[in-house]
Amino acid sequence: MEPAGTTVTTTAAAAYPRKILDYMEGFLVSKTLFTACELGVFDLLASSQHPLSLEEVALGIRASQDGTERLLAACTGLDLLNTQTLDGQVMYSNTEQSSVYLTQSSPVSLTQSIHYSSKTIYLCWHYLTDAVREGSNQYEKAFGVKSEDLFEALYRSEEEMVKFMQLMNSIWNICGRDVVTAFNLSPFTTIYDLGGCSGALAKQCVLAYPECTVTIFDLPKVVKTSREHFVTNDNQRVSFHEGDFFKDALPDADLYILARILHDWTDVRSIELLTKVYRACRPARSPVIQVSIQRPSMSDGFLR
Ligand SMILES: C[S@@+](CC[C@H](N)C(=O)[O-])C[C@H]1O[C@@H](n2cnc3c(N)ncnc32)[C@H](O)[C@@H]1O
């Protein structure tokens, strides 16, 4: 007779826990990608005219041969690298996607985002259990920064602010044009991008619509950093407005964009902001675009 509690009746669907195993080990995949990027594996392979051997990669990234071999095998298994055998020796090269998205020199590189995920977001998620228990962000445990205000923590130094802004930039370089052309925005010539950050979406807007001007409305220190690092004087139709969208009046516009803004705030704060935008809208003229490019089921609830 089986001891009580050991009999498990399974349906065919529950017989193999594929999803659970994938979720359980998902972080191994992320860490493999982070490590390969941090060590410069994809940059090294991109800079070479021909596929490289294990010895050449290990030398190039200044890492142990054993560790490099395991990392390259994992990347090959994840379809991030191609292998071929030449004269009995395994040679490694980038896949097409790795060349395009995982090399620093690519105009649509995701490497800055990957570094941010590895060095910042990953650490915060380490404390997710505490965050859920306490109902507050865990920046103090992760980075020694005590802050109720998410952006005070994110912008804890100029260097960190630039990194965050690079993170914001990178996705618009990939999908910004698709987002701004999903609807015909040509009737709107005076556009305000509320919380416009580094101006990457603003740049996509002015590229797609030659008649429009876009003003980035953001906190003063963000505007300063954006001017210094991201928006040059060549971008004549992109300008700035320093302000706090909770405290300051919103200027007149034909169109307000709120891209990846509402997920940062509680429902109460979001309603406060949306009400303010609604009141600023010219009757029957100024629509609001709210852009969210997160998967709602996953990270939305955890950002505040
Ligand atoms: C998650 S980022 C989104 C940036 C940009 N819209 C994008 O999609 O790349 C949120 C932005 O809101 C800005 N922000 C936060 N609090 C703000 C406030 N009170 N007033 C104005 N901007 C604010 C931040 O500085 C940051 O640029």
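**Aromatic pairs and the ligand site**

Tyr-139 is buried, at a relative accessible area of 9%, where buried means under 20%, exposed over 50% and partly exposed in between, with a 1.4 Å probe and protein chains only. The model is a predicted one, in which local features need pLDDT of at least 70 and side-chain atom pairs count only at pLDDT 80 or more, while totals for chains, interfaces and linings use all residues. Residues are numbered from 1 along each chain as its sequence is written, and side-chain values use heavy atoms, with hydrogens and water left out.

Tyr-139 has an aromatic partner. With Phe-143 it forms a tilted pair, 5.8 Å centre to centre and 35° between the planes. Rings of Phe, Tyr and Trp (its six-membered ring) pair if their centres lie within 6.5 Å; planes under 30 degrees apart count as stacked, over 60 as edge-to-face and the rest as tilted. Helices (H or I, at least four residues) and strands (E, at least two) are DSSP runs, numbered from the N terminus. Phe-143 is partly exposed, with a relative accessible area of 23%. Over the face of the Phe-143 ring lies Arg-156, 4.1 Å from the ring centre; a charge sits over a ring if NZ of Lys or CZ of Arg is within 6 Å of the ring centre and within 35 degrees of the ring normal.

In total, the structure holds ten aromatic pairs. One of them joins Tyr-116 and Phe-164, whose ring centres are 6.1 Å apart with planes at 65°, so this pair is edge-to-face. Because Tyr-116 lies in helix α6 (residues 111–126) and Phe-164 in helix α10, the pair ties together parts that are 48 residues apart in sequence. Both Tyr-116 and Phe-164 are buried. They also belong to one aromatic cluster, together with Phe-151, Tyr-155, Phe-245, Phe-246 and Trp-265.

Tyr-155 leads on to the ligand. Of the 19 residues around the ligand, those that come nearest are Tyr-155, Gly-195, Asp-218, Phe-245 and Ala-259; a residue is near if one of its heavy atoms lies within 4 Å. An N or O atom in the side chain of Tyr-155 is 2.6 Å from a ligand oxygen atom, and a polar side-chain atom of Asp-218 lies 2.7 Å from an oxygen atom of the ligand. Asp-244 places a polar side-chain atom 2.9 Å from a ligand nitrogen atom. Taken alone, the ligand exposes 590 Å², of which the protein buries 97%, with areas from the Shrake-Rupley method and a 1.4 Å probe. The shell comprises 13 nonpolar, two polar and four charged residues. Its largest share, three residues, comes from helix α10 (residues 158–180).

Helix α10 also holds Lys-163, which is partly exposed at a relative accessible area of 31%. Lys-163 and Thr-120 are 43 residues apart in sequence, with a C-alpha to C-alpha distance of 9.8 Å in space. Ser-109 is found in the loop between α5 (96–101) and α6, and is buried, with a relative accessible area of 10%.

Note on methods. Polar contact = N/O pair within 3.5 Å; in protein donor to acceptor, adjacent residues only side chain to side chain. Nonpolar A, V, L, I, M, F, W, Y, C, P; charged D, E, K, R; others polar.
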